[in-house]
Amino acid sequence: MKIGIVGSGYVGTTVAACLADFGHDVINVDVDESVVRQLNDGESPITEPGLDGLLDRHAGESLWATTDYDDLANVDVIFLALPTPANDDGSIDTAVVEAGAGSLGAVLADVEGYPTVVVKSTVVPGTTEDVVGPILERESGLRVGTDFGLATNPEFLREGSAVEDFQHPDKLVFGTTDDRALEALEAVYAPLLDDDVPVVRTGLREAEMIKYANNAFLAAKISLINELGNICKEYDVDAYEVADAIGLDARIGGAFLRSGVGWGGSCFPKDVAALVAAARERGYDPELLQAAIDVNDRQPQRMLDLLDRHVDVEGERVAVLGLAFKPHTDDVRNSRAIPIIEGLLERGADVVAYDPNRGATEAMRERFPEVEYLASASPTLSGASAALVVTDWPEFADLDLEFDLLSGDVVVDGRRIVERREGLTYEGLTW
């Protein structure tokens, strides 16, 4: 099939590369000329394991990028994979999606046959039907369900494992307006359907809501185990032993039961806040989801409180290990390191930091230029009164004698990744 993808962020780039690997011909449209050049040169504009290999294999052949929407005139299916950032009140800003739909609508009438437009962006229920569809109709002069199909196909890709998640998904969700749109999506994902991946065939609004419900449930589960972990801490109980036990209950399951400093990134914070804002707009106050947000927001302060028990950091060197919101990514959006560093600076600490990913380091340097960023863990720990472990990069689990470089002995572990031992004053968030 010939497939167009509008947007080259984490989702658009991953989807483009993976669909090309399925054997489709893929055109990626982006307004950023530098991103287009990178893609055509086989270079990924994002950090994502496995993506470089796919781009190197397919760029310039079955995958190429352009800034011109007119190049979509010969495609069968077009995915809108554009950002929906959060407004100050938590609601989503659909301006970029609307602009993309407008530009696509202007060329949609030139597409032969019955093209299907698929919203891949995360949008609240009703957006595809009430916002995107009317824009496409207005700009093209065509009609949904008569001249072109309209669908929603939410993504469930985790940064750091997005390629693996796309190639081996837990489920596929197809929200469509008509049978022809459904058939188009089934053709796009035929290699996965051959592998018997579960498929949810549903309506547009249901598909949009499934994405939010999925992320809200997982975020709430993490906040719940963090709340339980905080209680365990007060009783000197090993929260991980408790979590392992309750995870054996099939009704609970063991996934997402590792308590710690909380969730960050681009999805959970934005999606849960958007769902809360959308519900309140309809007159319903989702107290449980708001509580999940509140618990998550408090976790970094708990780390700082544990540090305060042992060290007055004013004028002291304090090491922060981990800046990306999760390992194997360069993304610092909503990273738990941000409130940690802010709290340390407010306390008058001399902050030094290290992250194995250079992109994450540079992004954080722009936000906190007063922090010293070093190239490895050892010089970061050297001479520091205390260390805070914020991101669970695997290399941090191998640290041992490096902690002897501290001038003090306090290690506050937000991810349960450092081994307790004699000579360290170890404080875990949940043990």
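**A helix and the neighbouring sheet**

The model is predicted, so local features need pLDDT of at least 70 and side-chain atom pairs count only at pLDDT 80 or more, whereas totals for chains, interfaces and linings use all residues. Residues are numbered from 1 along each chain as its sequence is written, and side-chain values use heavy atoms, with hydrogens and water left out. Helices (H or I, at least four residues) and strands (E, at least two) are DSSP runs numbered from the N terminus.

Helix α13 itself covers residues 337–346, and its buried residues are Ala-337, Ile-338, Ile-340, Ile-341, Gly-343 and Leu-344. Buried denotes under 20% relative accessible area, exposed over 50% and partly exposed in between, with a 1.4 Å probe and protein chains only. These buried residues of α13 pack against α12, β9 (317–321), β10 (350–354), α14 (358–367) and β12; contact here means heavy atoms within 4.5 Å.

Three of these partners, β9, β10 and β12, belong to an open sheet of six strands. The order in the sheet is β11-β10-β9-β12-β13-β14, and the pairing is parallel. Two strands pair if DSSP finds at least two bridges between them. The edges are held by β11 (372–373) and β14 (425–428), each with a single partner strand, so one side of each has no neighbour in the sheet.

Within the sheet, five of the five residues of β9 are buried, so this strand is largely enclosed by the rest of the structure. In a regular strand, side chains alternate between the two faces of the sheet. Arg-317, Ala-319 and Leu-321 lie on one side of β9 and Val-318 and Val-320 on the other, and both faces are covered. β9 pairs with β10 in the parallel sense over five bridges, and Leu-321 stands opposite Tyr-354 in β10. Strands β12 (residues 386–389) and β13 (residues 410–413) are likewise parallel, joined over four bridges, with Ala-386 opposite Val-410 in β13.

The helix partner α12 (residues 287–308) leads on to α9 (residues 204–234): their axes come within 9 Å and cross at roughly 45 degrees. Axes are lines fitted to C-alpha atoms, for helices over the stretch in contact, and angles run from 0 to 180 degrees between N-to-C directions. The residues that meet include Ala-216 and Ala-220 in α9 and Leu-289 and Ala-292 in α12.
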